[in-house]
Amino acid sequence: MQPKLRTRAAARSGQTKSVKPPFRFPLERIVLPAIAFLVVLLVWWVVATFFTTLMPTPGQAFMANLDYIFNPFFRRGPGNLGIGWLLLASLRRVLLGFLLGTLVAIPVGFWIGLSPRAMMAINPIVQLFRPVSPVAWLPIALSIFNLANPSAIFVIFITSLWPTVINTALGVASVPKDYLDVAQVLEMPRWRQMTKIIWPASLPYIFTGLRLSLGIAWLVIVAVEMLTGGIGIGFFIWDEWNRLSLSSVFLAVVVIGLTGLVLDYGITLLERWATHRPAKAM
């Protein structure tokens, strides 16, 4: 009761005094995720110890990967690269395919959202190609480009299109009609309606589509690189499995997961900067 009394007294005297909230240990943000990770490590240890002879325990995997962890950018000959170089090669393919997909998907989504005729024409194509497995596009891409690297970028491009197209069209079509009616009453030009009303109102939907597309692109690259070979985190996994080095496979799994988290966080920061509001949890 004493802090309240002091606050009321300060209010009566015309003074403004901010009351500092008491410190609370972030139990839910630190301790609970740590417990979940420990449970995962325990399950891993039990499976590796009692159910298989191929799988290393968490401790064995960590010790086997010390060179990759502390020296990720080594070069020891053709094909013998640190995991940092492999990750950068995969990221370059993903970002290229994703950016190309974004440049196509947002205008197409705008067109579909603004025009019912475009919706009727393009929506069946989107619904037809959206469920196609990314790997199914790889033979087609190889037949077109005859090279592994542009084929991988094409597969990422084509599979990352659909979430952004659909969410952009949904965002544009969801702009309140009252806003557009007011704009017409004010005789606002069409391009100004697009930039001042429709674009800002649909930005949260567009960023939702971009987050989904980037997540799919990062998922796809591992499968594509396993099939095409070359330098990349996906082929690294396949190569290490052929050598029965599961410790390196576990390291790659952790690196892929952390990289996916960083990419998603980067998109949420960009959304927060563009929309001036916190990103929605997915």
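Student: Where is Asn146?
Tutor: Asn146 sits in the loop between α7 (137-145) and α8. Helices here are DSSP runs of H or I with at least four residues, strands are runs of E with at least two, and both are numbered from the N terminus. This is a predicted model, where local features need pLDDT of at least 70 and side-chain atom pairs count only at pLDDT 80 or more, while totals for chains, interfaces and linings use all residues. Residues are numbered from 1 along each chain as its sequence is written, and side-chain values use heavy atoms, with hydrogens and water left out.
Student: OK. What phi does Asn146 have?
Tutor: A positive one, about 60°, although Asn146 is not a glycine. Most residues other than glycine have a negative phi.
Student: And is Asn146 buried or exposed?
Tutor: Exposed, with a relative accessible area of 65%. Buried means under 20%, exposed over 50%, and partly exposed is in between, using a 1.4 Å probe and protein chains only.
Student: Which loop holds Glu187?
Tutor: The one between α10 (177-185) and α11 (190-228). Glu187 has a positive phi of about 55° and is not a glycine. At 68% relative accessibility, Glu187 is exposed.
Student: What comes just after α13?
Tutor: His276, which takes a positive phi of about 60°. As for α13 itself, its 30 residues (246-275) should span 44 Å at 1.5 Å a residue, and the end C-alpha atoms are 43 Å apart, so the two agree. The expected span is 1.5 Å times one less than the number of residues.
Student: New topic: where is the kink in α6?
Tutor: At Ile122, shortly before the proline Pro124, and the kink is about 35°. That bend is the angle between axes fitted to the seven residues ending there and the seven starting there.
Student: Which residues of α6 are buried?
Tutor: Ala118, Ile122 and Val126. Residues three or four places apart in an α-helix point the same way, because there are 3.6 residues a turn.
Student: What do the buried residues of α6 pack against?
Tutor: Against α5 (83-114) and α9 (161-173). Contact here means heavy atoms within 4.5 Å.
Student: How many aromatic pairs are there?
Tutor: The count is 10. One of them is Phe154 with Phe157, a tilted pair at 6.2 Å centre to centre and 40° between the planes. Rings of Phe, Tyr and Trp (its six-membered ring) pair if their centres lie within 6.5 Å; planes under 30 degrees apart are stacked, over 60 edge-to-face, and the rest tilted.
Student: Why are Phe154 and Phe157 about one helical turn apart?
Tutor: Because they are three residues apart in helix α8 (residues 148-159). Phe154 and Phe157 are both buried.
Student: Which residues form an aromatic cluster?
Tutor: Tyr68, Phe74 and Phe236 form one.
Student: Zooming out, how many helices and strands are there?
Tutor: The protein has 13 helices and zero strands. Buried residues make up 35% of its 282 residues.
Student: What does UniProt annotate as "transmembrane region"?
Tutor: The unreviewed entry gives residues 30-51, 94-114, 135-162, 216-237 and 244-263. UniProt positions follow the numbering used here, feature names are shortened, and annotations may be inferred rather than shown by experiment. In the model, residues 30-51 are 95% helix and 0% strand, with end C-alpha atoms 31 Å apart.
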